[in-house]
Amino acid sequence: MNELLRVEQLRVRIETRERQVTALDLDHISLQKGEMLALVGETGSGKSLTASSILQLFPTAAARITGGRVLFNGTNLLEASPSVMNGIRGKEISMIFQDPMSSLNPVFRIGKVMLEIIRRYTGAGKKQAKQLAEESLKFVGLPDPSGIMRRYPHELSGGQRQRVAIAMAMVCKPKLLIADEPTTALDVTIQSQILYLINKLKEEEGMSVLFITHNLGIVSQMADRIAVMYAGSIVETGRTDEVFRFPRHPYTRLLLDAIPRLRERRDRLPVIAGTAVLKEAAGGQGCSFAGRCPRATKRCTAEKPQLRAVVSSHEIACFHPWEEER
Ligand SMILES: Nc1ncnc2c1ncn2[C@@H]1O[C@H](COP(=O)(O)OP(=O)(O)OP(=O)(O)O)[C@@H](O)[C@H]1O
């Protein structure tokens, strides 16, 4: 079996004093070994919540998983014991974020944190751990690894910090790397170096990558498959080339039509008229995109379309998909 990760029927509620919503009601996503899946969608569509659900590390106490399965190599992580999860976080699944400081502790030197991670997860001795740390700092293109290890995070540039975060994420050779907008805060040249690195990890180490981004240019160049999210659900997923050539869901089509040329780099997704409304707020059932959809009918407001295959691995959640190429 080549499937490394499968997330099914995942529901996440956000409950604060101001709002109670089902922020995520996700049919399914899957990730094969050695594959890169890009998760795209506008702000608030649930990309980060999906990523956090996999490791059950939410940035907020307001989020709660209320149903579903997260199968990693066949094991449902949502039912795994805390000790199993501790063994998986960082060792089998690593995460990098837009802000590398999230994975770097400002009060410790880089080396101290790296050596601790390596020793905890690999059981390596001091000398071997140091060697592993230096090797991975070299892999991410940082000259003078031992000098870097003596520094504090604030003594490094943003690009250097993100490289260190990647080095830390890969040092135990995880099977899955979750990258949540890892280049958004960086300037364009550094961005492409970081993307090159992530791709190198995938190609050389056979790592699977769940890549969260707003940048459709990056997606078209790097991802094997794409999953488009809208208001907490996956509306379309398939091979990147297929989805870009023949987007079938009206939301995906609007998204791609708004890009003049695929090769053009974009930092943000194009803006589509209207606002994404989560289900409760919208008043219940139906397709969450119905209120903004040019093809919506009565059925769309009454019934929620499920994700279904149209051709091989190309799936859409829509009652009125496009039947012809753009
Ligand atoms: N701390 C929080 N308190 C209240 N609601 C939250 C919180 N964090 C996320 N949400 C809600 O959960 C939903 C999904 O948010 P999430 O951060 O996953 O979106 P996203 O697609 O990653 O957005 P972005 O691209 O801006 O990072 C949104 O409706 C958001 O308002």
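Me: Before we look at helix pairs, how are the axes and angles defined here?
Reply: Happy to start there, and do keep in mind that this is a predicted model. Axes are lines fitted to C-alpha atoms, for helices over the stretch in contact. Angles between the N-to-C directions run from 0 to 180 degrees.

Me: With that in hand, are α3 and α4 roughly parallel or roughly perpendicular?
Reply: The axes of α3 (residues 110-122) and α4 (residues 126-139) come within 9 Å and cross at roughly 115°. Angles of 65 to 115 degrees count as roughly perpendicular. Therefore α3 and α4 are roughly perpendicular.

Me: Which residues of α4 make the contact with α3, and is the crossing left-handed or right-handed?
Reply: From α3 come G111, M114, L115, I118 and R119. They meet A129, K130, L132 and A133 of α4. The contact divides into six nonpolar, one polar and two charged residues. As for the handedness of the crossing, it is right-handed.

Me: Which helix gives the largest share of the shell around the ligand?
Reply: The ligand has 14 residues around it, and T43, K47, S48, L49 and T60 come nearest. The shell divides into five nonpolar, eight polar and one charged. Three residues, the largest share, come from residues 47-55, helix α1.

Me: What is the distance between the end C-alpha atoms of residues 5-256?
Reply: UniProt, in an unreviewed entry, places "domain: ABC transporter" at residues 5-256. That span is 39% helix and 27% strand. Its end C-alpha atoms lie apart by 27 Å.

Conventions
Residues are numbered from 1 along each chain as its sequence is written. This is a predicted model: local features need pLDDT of at least 70, side-chain atom pairs count only at pLDDT 80 or more; totals for chains, interfaces and linings use all residues. A residue is near a molecule or strand if its C-beta atom, placed from the backbone, lies within 6 Å of it. Helices (H or I, at least four residues) and strands (E, at least two) are DSSP runs, numbered from the N terminus. Ala, Val, Leu, Ile, Met, Phe, Trp, Tyr, Cys and Pro count as nonpolar, Asp, Glu, Lys and Arg as charged, and the others, Gly among them, as polar. UniProt positions are given in the numbering used here, feature names are shortened, and annotations may be inferred rather than shown by experiment. Angles under 35 degrees count as roughly parallel, over 145 as roughly antiparallel, 65 to 115 as roughly perpendicular and the rest as oblique. A crossing is left-handed if the near helix is turned anticlockwise from the far one by less than a right angle, and right-handed if clockwise. Two residues are in contact if their C-beta atoms, placed from the backbone, lie within 7 Å.
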